[in-house]
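Welcome, and please open the model in your viewer. We will go from stop to stop, selecting residues as we go.

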Amino acid sequence: MFPELNKEEQDLLGVKDYPVRLKKSILERNQKHNDVNHGDDNYIIGSALYTPENVIPAKTPGYYHFIKQVNDDKNSIVLLDVNINEKDKCLDIVHYFYTNNKGKRRIEKNH
């Protein structure tokens with residue numbers, strides 16, 4: 001479990017005091033991404049969740065993209081997908097990975 005989001009992001013998502021959960025199956029699936037080094041998970045998730053540049057609703061209701069540029073490299077933008085889990089009263093991380101500026105623009109455009 002990760003701490004709850006900042007107030008601004010909680011307000012945007014319409015949740016209050018929901019902890020953030022990363023299921024073991026998601027962690028294991030994301031270990032297969034070549035661009036995410038084992039052990040970078042907390043850095044990637046923490047950067048995007050707690051200091052996002054942008055939070056964009058996804059096409060699927062209840063899902064949001066948290067976007068954060070973590071350094072100047074062209075492949076340095078973190079995309080973190082979060083689902084509001086009303087049943088368990090938490091936010092589930094469903095995917096996280098690095099993307100490039102083109103990928104970021106595509107996500108922002110499709111919003």
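Begin with the outward face of helix 4: select Lys 102, Arg 105 and Lys 109, the exposed residues carried on the face turned away from the buried side of this helix. Exposed here means over 50% relative accessible area, buried under 20%, and partly exposed in between, with a 1.4 Å probe and protein chains only. Helices (H or I, at least four residues) and strands (E, at least two) are DSSP runs, numbered from the N terminus.

A word on what you are looking at: this is a predicted model, in which local features need pLDDT of at least 70 and side-chain atom pairs count only at pLDDT 80 or more, while totals for chains, interfaces and linings use all residues. Residues are numbered from 1 along each chain as its sequence is written, and side-chain values use heavy atoms, with hydrogens and water left out.

Within residues 101-109, select Gly 103, Lys 104 and Ile 107, which are buried. Looking down the helix axis, you will find the buried residues within an arc of 100°, so they line one face of helix 4; the arc is that of the directions from the helix axis to the C-beta atoms. An α-helix has 3.6 residues a turn, so residues three or four places apart point the same way. To see what covers these buried residues, show strand 2 (54-57), strand 3 (63-69), strand 4 (77-85) and strand 5 (90-99), which are among the covering elements. At the start of helix 4, pick Asn 100: one of its side-chain oxygens comes to within 3.2 Å of the backbone nitrogen of Lys 102.

Keep strand 2 and strand 3 on screen. They pair in the antiparallel sense over four bridges, where pairing requires that DSSP finds at least two bridges between two strands. Select Asn 54 and you will see Ile 67 of strand 3 standing opposite. The two strands form a hairpin with five residues between them, and Gly 62 in the turn has a positive phi of about 90°.

Next, go to helix 1 and select Gln 10. Is Gln 10 buried or exposed? At 8% relative accessibility, Gln 10 counts as buried. A polar atom of its side chain lies 2.6 Å from the backbone oxygen of Leu 5. Beyond its neighbours within four places in sequence, Gln 10 is in contact (heavy atoms within 4.5 Å) with Glu 4, Leu 5, Val 15, Lys 16 and Asp 17.

Helix 2 is the next stop, with Ile 26. This residue is buried, at a relative accessible area of 12%. Which residues does Ile 26 touch, leaving aside its neighbours within four places in sequence? They are Ile 93, Val 94, His 95 and Tyr 96.

Finally, zoom out and colour by pLDDT, the predictor's confidence in each residue, from 0 to 100. The protein chain averages 85, and 91% of the residues score at least 70. With everything in view, trace four helices and five strands, running α-β-α-α-β-β-β-β-α from the N terminus on. The C-alpha atoms fill a box of roughly 35 × 30 × 20 Å along the principal axes. Of the 111 residues, 43% count as buried.

Terms used. Polar contact = N/O pair within 3.5 Å; in protein donor to acceptor, adjacent residues only side chain to side chain.
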